[in-house]
Every structure is written in structure tokens, then in C-alpha cells.
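Colleague: I am new to this structure and would be grateful for a guided discussion. May I put my questions to you one after another?

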Amino acid sequence: MKYRSLLLGLGLALTVSVPAYAKTIDIAIGHQSMCTDTYMAGIVVKELELLEKHLPTGGDYADVTYNISWSDYTSGGPITNQMLANKLNIGVMGDYPLIVNGAKFQETESLRTLYVAGTGYNLKGSGNAVVVPVASDIYSFDDLKGKAVSTPVGSAAWGMLLKALQDSDIGVEQVSLKNQSPAVGAANIAAGKIDAHADFCPWSELMEFRGTGRKIYDGSEAGVPYLHGVVVREDFAKEYPEVVTAFVKAIIDAGAWIKADPMKAVEQMEKWTGVEKEVLYIYFSKGGHLTLDPTIKDEWVEALKFDHTVLAHEQAIPPLDFEAWITEDFVKAAYAEMGHDYAADKASLVDPVAANSGLPNEIWHARDGISTFGTLPEFLKAVAELEATGAKLNATYVYDKETGLKLFGKTAFFVHTPDGGYETFLRKPEADAYAAEAGGEVIDMAAAVATFAPTE
Amino acid sequence: MPAPAGVPRQHNADSSQGNRSAMSVKARASELEILETAEISAGEARAVPSAPFEAGGPRRSLPSLATHALGLLQSHGPSFTVSLGALLAGLVLWHLATLYKFNFYIDFENTPSPVQVGKSFLGHLSTQDFYIHIGVSMQRIVTGYLLAAGLGITVGVAMARSRIARAAIYPYIEVLRPIPAVAWIPLAILMWPTEESSIIYITFLGALFPVVLNTLHGVEQTPEVLVRAARSLGATRLQILWHVILPAALPSIAAGLAIGMGVSWFSLLAGEIISGQYGIGYFTWNAYSLINYPDIVVGMLIIGGLGTLSTYAVRLFMRPFLGWQRRAR
């Protein structure tokens, strides 16, 4: 008898749920202010109040008040944890955490999430990188053999590192792989306590900009697209589909706002997140690492499936039914309602090698803003002249000849050829090879600028 | 037979409150009696452990050992059965809550069941890595803890016996004590030469403060009349410290050591976030980053279990030194 009444009590507790008609809709969103690729669906939407702008107010939603809450996390895992506990409805995260999210939800009996939109991508995988302490004598990935490499396990950077190790001659067994969260890894790089650290955006560039780390491997060499996306709890999406569509519209708006004036946008973002604007510019500017695009491309599904095989193999992640998980319904609806062409955006793929060739080099003057220079000699001459006047330069940007990646001038390897030409490289081995072929020499930016210093 | 109602010996470890009452019990005891025992204890406690558990154990014949074991079971049996029953009841409740997806304010819908946790525990038992995690953590605990115990007792005694030392050190103790272990992570990485030393430092910090404060407290509680009596009998400062003050402070120090052991275990998880490769704290943390709930619970229970065992080990170790106390009452 007692057992039956216990069952009854449990049954009652389970069936008591939210009343069908609610005056207040709680929208709880988990985002990552230390992961640049999530900004279009995170900090920008939050600070510009773009979601509020698009939330439905008519029809079924006429009397509704919205209670929007934003929570900031340093990685995707805790967001998934909060979503499982139904404390967050919407989460923004990178590719590997997305897979964990989808698979962990499908492992439960009744709970599911939906992948409703992307935020941005890099076709070749830039954004993840392997960084060594700036004084390290490691210059190429192959030098990592037998060394200690740390990475946030389960992150996109971890997946990239595994792929890179498999692709190289080193193999996973020949490095000592450690799990370190971004902040811990960055501290270890700054202190020179770890041989190398693989991390996601903006940490690698942040370490470069702060002068503590040097990139030896860019995610683009692994060749797997790097993307971020938005997951929504299925029960929430079923109950309030218009709210989810409104969220996707806010992402589209956020992208447009960034593209309209990247310099102003990154200045704002620096205020919101504390990440230096010069670092953010390397992602969000024209020619930057990040292509803002919420569409769900077939290539993304393929990339995510690949990511899942890595996770399943290394960390016994449960299976994931991609058909049930990924839905284009909301992003298509948002595009249609805003009058944009979904098919066109979905079909476009930005490859930095092609897209960035011929883009001008940039100088960010602390007072006068950004100016552009078509050729490297012009750029170097301008830097030399500005330095002679004692002007403060926030940052300078050039492009890697090999991959088309945007680089900080101060971290690039410059090759000076006998004919007076210059080329810039991300990594020393490529610079050395090019210099050997063209009979030039590899110098750093200070040396390159010095030849242009005004004589008087 | 272990002393019944052993207020200080059995339960004082859990709070300095309990310990304080222990001291007052002792203080209430006739001064003369204490004077005698204090005289004897210092020498005896080290030379001939007087606790019955130790005394003559190996010399016992097999049948008498059996009667001894039976006696132990008889005296401990009931409480042992109750403890075991309570643990089992908890396990059954947990199982039922997850089985029926109990969800009334507290939600058990997606919490792992004991069966899932047990399965993943068994799975880990057959991997070598699991033992490395535990071994590495034990090593860190032992190193950090021994350092903390050594330094903590020294500093505690110094603070209690010297006004200047106390004035100089106390502010540090009070300011540093509330800082949570996690907050130390960035600085620990920067300051210490190796990863291992950063982790041990954090574990060490956890154990240090309870040991220092309990030692300080214990030494302060030494009845001044004993010190004066010893002095009037011609004891030197060192002799007084060794034969009077330390024995009198031992119950409190033992309590501090036991609490310190517990605290060092929960500092360990914070420390092992740095480690990134081995350690049971790292194991738990890693499971969290991949949302592997059964493994998280395995890690939690292992930490709990090892913490209990090591605290018990500390008490067992301290027992012979506290022999005088039982006879004093």
C-alpha cells in the first residue's frame, strides 16, 4: 500500500507541469563571451537588444511579457549541463561541444535539442591554433614530438589537435596530451610551463597580441571547417517556435551590424567582453578569420559528422541522429520573414586563400583609426614614418601568403627578396622555404620597417 | 577496550568545538592527576604505545585474537550495522529516485542511477589509467599534507608561545585562510616552477590552516599551572615544551590534523584542474567537460571514500600519542 501511494505521489509530481497559458515567457540563453565565434548569437544580440526587437507581440503572444536572461560560460560543456537541467533554453557553442550537446540529449529518454542555426565559420578551420611560448625553439608542428601539449578536451581545438596529430607523423601516443581550460593553458604558456597549447578563438591570437605566445600551427592546416551554432531545447522550440525564429533573426541582424562597420563593432565588443579590439578585429574585419553566416550548409553537416566520429572514438560519446537533430526550419523562416535569400547565402562558401588575396594591409592608428595599404612596401614605409613621429599604433595587419590568413604584423615572418619585394608568412618554415627559393632573407617586422626609416 | 564516550578521541576531529569541550574536561580533572600523567605521557607515548589496539597485538595467540575480534565486533557491531544500513538505505533511495524519475523541486530525471555509476566504476577498475589517477592524487595529498602538518604544528606552537611570532603571523593566517583554493590557480601556475608543485601547493594550503589554528588553540589551552609546576621542578623551556605543552596540546593538534586531511582533499580538485592529465580531481573535472554524469559521480565517491580512509588513517596514527588522555579520565 505504501509503495502504491509513493508511486501516486511521484506520478502526481511528474504530471504537474507549466500551465498551458503563460503570461510570462522565460528565455534563458547560455553564451560564451570568451569565444569570438559565438558573439553574433551571444554578446552582440544581448547588448544591442536585438532579440527584444524581433520577439513576436501579436496573435498568441499579444499579452505575453518576456523575461530574457543571459548567462556567460567559458565553454560549451556547462551550457549543456544547464540545458539538461532545463535552466537554459538556448545555447551557443562550437562544433565539438555542439556534438556532445546533441548526443547527450538524445541519450536521455525524452529530452532533445535542435540545431537551429549557425553563427559563423572558417572553411579551413582557422580560429583554432597551436601556440608555443614566445621564447620556445619550436617552430613547426613536427617539433612537438615527445612534448607536452595541453588543450581543453572536448573543445573544437582539441578535435583539431587530434586530427593534426593523426595527419602528421607524430601520432597521438607520441605527445603527452593534457587537458587544460583556456585560461589555465594561457597562464601556462605565459609562464613557459607547457611546451604547447592548442586553443580556440580568441585565445591563440590573444596570446600572440599580448606577446606571450607564438602560433606554430593554424587550424586551417587540418582542413576541417570550424563552425559554431545555436542549439535549442526541443520542448521550448515546439512551444514557442516564433521565439526561436526571432532569435535567428537577431543573429542575422547582429551579423549585418558587424559587417557594416567592423572597427566600430570591435570597439564596442571590447567594452562588453574585455577582449582587446585589435584581437577581435582579426576575426570580424574584412579578410578576418570568421565568416558570419547563420545558414546550415551540407558541408557543415559533413564536418559535424566527422567531428562525431572523433568524439565517439576518443571519448565514447553516444550516437547522434543528425536528421532529427539538425533543422533548417527556423533559419529558413527567419530569412523569409526578413526578405533575405536563404539559398544564395547557403550556397556561398568563403575560402580565405581566394577571398583574401589582394586585400590591403592595414595600420590601426590609435587616434586616426584604420588606414589601408595595397602593397607591403607602402605599408612598411607608412609604419616607419608613423613610428618616426612617435605615433601610437594599436596594431598592424598583413596576410599569410600561404593560407591567406590575416596576421598581426608584429608576429609575421617577413621575407625580403633581392628585387625589393616583400612577402609575409604565418610560420617560419614556409618563410624559410620561400626565402631560399627567391634568394631572399627572413626578417621580423622591426627589421623590415627599419629599412624604410626616414633618414633625416 | 577503547574508551567509551570518547568525546575528544572519536569525535573531536569534526569541530574545534568538540575539542574545546575536550580540553575543558581535561582542565576540570584534578590538577594533580594531570601533573602525573603529563609527566609520564611524553616519554611513554613514544616509547610504549599504550593504546590497547596496539599493545601486544602480535603477541596474542590465535584463539585470543579471535575472541578479541569477536569482542570488537560485539562492541562495534550495532553501530556498524546501523551505519551500513543507513548507507544501503541511501543507495536504495537514490536508486528509486532515479528509477521513478523523481521530480519534485529536486529533479532526479537525468541524474545517473547507482547501477549506471556502478557499471562505469567497474569499467574503470579494469583500466590502468584509473589507478594512476588515484595513485597520483594520493601522492599529492601525502606530500602536501605532510608539509602542511610539519609547518602547521611548528607555526602554531610558535604563535602560541611567542607574542611577537603571533602578532607577525596571525594577520597572514586570517587573510589567507578564507581564499578558496580555486582562486589560487592562476598564481600557483605562475609562481611555482612545475605543475606538480603548483598542485601540491594548493593541497598544502588547504591542510595548513586547520592544523595551525588547532595547534595554536591546543597550546593556548595548556593549563598554566602545569607549566609553572614543571618550571618550579627545574624543567628547562625545551623540556616544558616537550613534556608538558605538546602532550597537553595533542588532542587539539590531532583534531586539526584530521580536519586538515579532509580539507586537503577538497582543495585537491581545485589543484588538479591545473594538472590536465592525472589525478582523481582531474578525472572528475574531465568528466564534467564532457558531461559524463556517471563518471562525475564515480570521481566524487572516490574522493569521498579516499578522504574518509585517510582521515581514519590520521586518527589511527594519532591514537598511541593520546594514550595518556584515556587514563586521565
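Modeller: Let us begin with B:Val244, whose place is in helix H11 of chain B; helices here are DSSP runs of H or I with at least four residues, strands are runs of E with at least two, and both are numbered from the N terminus. This is a predicted model, in which local features need pLDDT of at least 70, side-chain atom pairs count only at pLDDT 80 or more, and totals for chains, interfaces and linings use all residues. Residues are numbered from 1 along each chain as its sequence is written, chains are lettered from A and ligands numbered from 1 in the order in which they are written, and side-chain values use heavy atoms, with hydrogens and water left out.

Colleague: Is B:Val244 buried or exposed?

Modeller: Buried means under 20% relative accessible area, exposed means over 50%, and partly exposed lies in between (1.4 Å probe, protein chains only). B:Val244 has 6% relative accessibility, and therefore counts as buried.

Colleague: Which residues does B:Val244 touch, not counting residues up to four places away in sequence?

Modeller: Contact here means heavy atoms within 4.5 Å. With residues up to four places away set aside, the partners of B:Val244 are B:Thr222, B:Leu226, B:Val227, B:Ala230 and B:Gln239.

Colleague: Which residues of H12(B) are buried?

Modeller: Seven of the ten residues of H12(B) are buried, so this helix is largely enclosed by the rest of the structure. After the helix comes B:Ile291, whose phi is positive, near 50°. The buried residues of H12(B) are B:Ile280, B:Gly281, B:Tyr282, B:Phe283, B:Thr284, B:Asn286 and B:Ala287.

Colleague: What area is buried between chain B and chain A?

Modeller: Buried area is the accessible area (1.4 Å probe) that two parts lose on being put together, summed over both. The contact takes 27 residues from chain B and 30 residues from chain A. B:Tyr100, B:Leu290 and B:Ile291 supply 26% of the area that chain B buries against chain A, more than any other three residues. Carbon and sulfur atoms give 56% of the total, which is about 2500 Å².

Colleague: How many salt bridges are there between chain B and chain A?

Modeller: A salt bridge is a side-chain nitrogen of Lys or Arg within 4 Å of a carboxyl oxygen of Asp or Glu. One such pair is A:Lys178 with B:Glu195, whose closest N and O atoms are 2.8 Å apart. The count between chain B and chain A is two.

Colleague: Which residues have the most contacts inside the largest nonpolar core?

Modeller: A nonpolar core is a set of buried Ala, Val, Leu, Ile, Met, Phe, Trp, Tyr and Cys residues joined through side-chain atoms within 4.5 Å. The largest has 110 residues, and its largest share, ten residues, comes from helix H10 (residues 241–260) of chain A. Apart from it lies another core of 60 residues, B:Val244 among them. Within the largest core, the residues with the most contacts are A:Ile27, A:Leu51, A:Tyr115, A:Phe236, A:Phe247, A:Phe284 and A:Trp325.

Colleague: Why is helix H12 of chain A described as largely enclosed?

Modeller: The buried residues of H12(A) include A:Lys277, A:Tyr281 and A:Phe284. The helix covers residues 277–284, and it is largely enclosed by the rest of the structure because its buried residues number eight of the eight.

Colleague: Is A:Lys277 buried or exposed?

Modeller: The side chains of A:Lys277 and A:Glu270 meet in a salt bridge, at 3.8 Å from N to O. A:Glu270 counts as partly exposed, at 25% relative accessibility. A:Lys277 has a relative accessible area of 16%, and is therefore buried.

Colleague: How many residues apart are A:Lys53 and A:Asp253?

Modeller: The side chains of these two residues meet in a salt bridge of 2.6 Å, N to O. A:Lys53 is exposed, with a relative accessible area of 57%, whereas A:Asp253 counts as buried at 15%. The pair links distant parts of the chain, with A:Lys53 in helix H3 (residues 50–54) and A:Asp253 in helix H10 of chain A, and the separation is 200 residues.

Colleague: Which backbone oxygen lies 3.1 Å from a polar atom of the side chain of A:Gln32?

Modeller: A:Gln32 is in the loop between strand S1 (24–31) and helix H2 (43–47) of chain A. At 3% relative accessibility, A:Gln32 counts as buried. The backbone oxygen at 3.1 Å from its side chain belongs to A:Val92.

Technical notes:
A polar contact is a pair of N or O atoms within 3.5 Å; within protein, one must be able to donate a hydrogen and the other to accept it, and residues adjacent in sequence count only if both atoms are side-chain atoms.
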